Number of protein chains: 2
Amino acid sequence: MSAEKVLDVAMTAYWHGDPADVSLNEICQLAGVSKPSVYREFGSEDGLMRSALDSYAGAVLSDVFAILQGGKGLQETLDALIDFASTDPRMETGCLFYKMRAGKHRLGPQTRSRVDEFDAVGQSAYAAFLQARREAGDWPSGLPVAEGAKYLGEQFALAITQRASGEDPGRIRQMLTLALSVFIR
Amino acid sequence: MSAEKVLDVAMTAYWHGDPADVSLNEICQLAGVSKPSVYREFGSEDGLMRSALDSYAGAVLSDVFAILQGGKGLQETLDALIDFASTDPRMETGCLFYKMRAGKHRLGPQTRSRVDEFDAVGQSAYAAFLQARREAGDWPSGLPVAEGAKYLGEQFALAITQRASGEDPGRIRQMLTLALSVFIR
DNA sequence: GATATAAAATACCAAGTGGTATAAAATATG
DNA sequence: CATATTTTATACCACTTGGTATTTTATATC
């Protein structure tokens, strides 16, 4: 029993390691729960992964959305994103969502479609942020909002992915700052 | 027998798919060769992978080095890199080297150290290129050469990785051009 | 042509995967 | 206290993985 604990263990294991390399047996052992219990609660490994991703979204991704929807200025918001990507201790082992997205072909159907959903939601959030900044006269560049949103999301993901591979946070901050400087010129 | 053919089949399979998802059995079947033959020739799966990577380096990576060492100007060379990443048909399924680097923890020791070697060699090539352009007065920005080299390599890798995930080549060109615009301003 | 030798293919091994049927234990109900 | 029911845990299934031992086949050599 204790689906809450299983979910927490699974989320952490998938997040800390590589989602595709963490086996169900391993999670059961870590959580002190039998395999049939997990199957009765989550239906399949895919179901558990999907739930773990949902759990992660509520715990971590929500913070990123909060930054984007904070209504702050362009420079201030980009700085907050740079801070989050390069120095937030939770990103020390990378982002579960980005890890899953990078290995999407290995995911089950439920988890994969959740990844696609979050991807779309993220894209919209970036676009809404840039649109608001443009309307506020804060971002006069001629780059279309959709293109800017894609670029911003990609660079953010790149920085956090490098975080997962042990890159030096200072270096990551430098690189991301350089990449996002195209918004401020 | 026919180690050449096995190597070719392995390189293509690893390259087209995901190196970690292509099993030795699969390669043997594709190449029409028995598993013991592969082991007699390459010693282990790790040995085969390492050889496949070497083969790939000679066939593809060499072209990138050629672009960097062509002695052309900054803009012209960056354009050539952008062309290669966004439109070269060989990059349609991504780059074997980048795929291996992204999943480095799944590789055997031989392959992994080869990946590290190529990574260092690539870094030096980027740095040598930028150093030459700076000395030629072609790149007056205050960014240190080492930082610029890292940034250039990362952006190039990002573009090709996106190529592998089916992203639109035009969009990729746009994003990479934007990212590399920091060199020209 | 008979024999020694090298090569290749089949069959096998232990380990691990996701998933499940069955037996054991604990809980609730009479 | 005894019985019925639900939850849990053990044991198992079929399959795939990398890696080998063994047998068969082909190739030289005499």
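Helices (H or I, at least four residues) and strands (E, at least two) are DSSP runs that are numbered from the N terminus. This is a predicted model, in which local features need pLDDT of at least 70 and side-chain atom pairs count only at pLDDT 80 or more, while totals for chains, interfaces and linings use all residues. Residues are numbered from 1 along each chain as its sequence is written, and chains are lettered from A and ligands numbered from 1 in the order in which they are written.

**View 1. The loop of chain A that holds Met91(A).** Met91(A) is found in the loop between H5 and helix H6 (96–102) of chain A. Is Met91(A) buried or exposed? Met91(A) is buried, with 20 other C-beta atoms within 10 Å, where a residue is called buried if 20 or more other C-beta atoms lie within 10 Å of its own, exposed if 12 or fewer, and partly exposed in between, with C-beta atoms placed from the backbone. Leaving aside neighbours within four places in sequence, Met91(A) is in contact with Ala85(A), Ile160(A) and Arg163(A), contact being a pair of residues whose C-beta atoms, placed from the backbone, lie within 7 Å. Met91(A) and Val145(A), by C-alpha atoms, are 27 Å apart in space and 54 residues apart in sequence.

**View 2. Helix H5 of chain A and its buried face.** Helix H5 (residues 74–87) of chain A has 14 residues and reaches 20 Å from its first C-alpha to its last, close to the 20 Å expected at 1.5 Å a residue, the expected span being 1.5 Å times one less than the number of residues. Thr77(A), Leu78(A), Leu81(A), Ile82(A), Ala85(A) and Ser86(A) are buried in H5(A). Seen down the axis of H5(A), these buried residues fall within an arc of 155°, so they line one face of the helix; the arc is that of the directions from the helix axis to the C-beta atoms. An α-helix has 3.6 residues a turn, so residues three or four places apart point the same way. The cover over the buried residues of H5(A) includes helix H4 (45–68), helix H7 (109–135), helix H8 (145–164) and helix H9 (169–180) of chain A.

**View 3. The surroundings of Ala85(B).** Of the 96 residues in the largest nonpolar core, Ala85(A), Leu96(A), Ala85(B) and Leu96(B) touch the most other members; a nonpolar core is a set of buried Ala, Val, Leu, Ile, Met, Phe, Trp, Tyr and Cys residues joined through C-beta atoms within 7 Å. Beyond its neighbours within four places in sequence, Ala85(B) is in contact with Met91(B), Phe156(B), Ala159(B), Ile160(B), Arg163(B), Ile172(B) and Leu176(B).

**View 4. The contact between chain A and chain B.** The contact takes 15 residues from chain A and 15 residues from chain B. On the side of chain B that touches chain A, the elements giving two or more residues are helix H8 (145–164) and helix H9 (169–180) of chain B, and the largest share, 5 residues, comes from H8(B).

**View 5. The axis that relates the two chains.** A rotation of 180° with 0.0 Å of shift along its axis superposes chain B on chain A (RMSD 0.0 Å), the copies being superposed by least squares on the C-alpha atoms of residues with pLDDT of at least 70 in both. That is the relation of a two-fold axis. In chain B, the C-alpha nearest the axis belongs to Ala179(B), 3.0 Å from it.

Key
Two residues are in contact if their C-beta atoms, placed from the backbone, lie within 7 Å.
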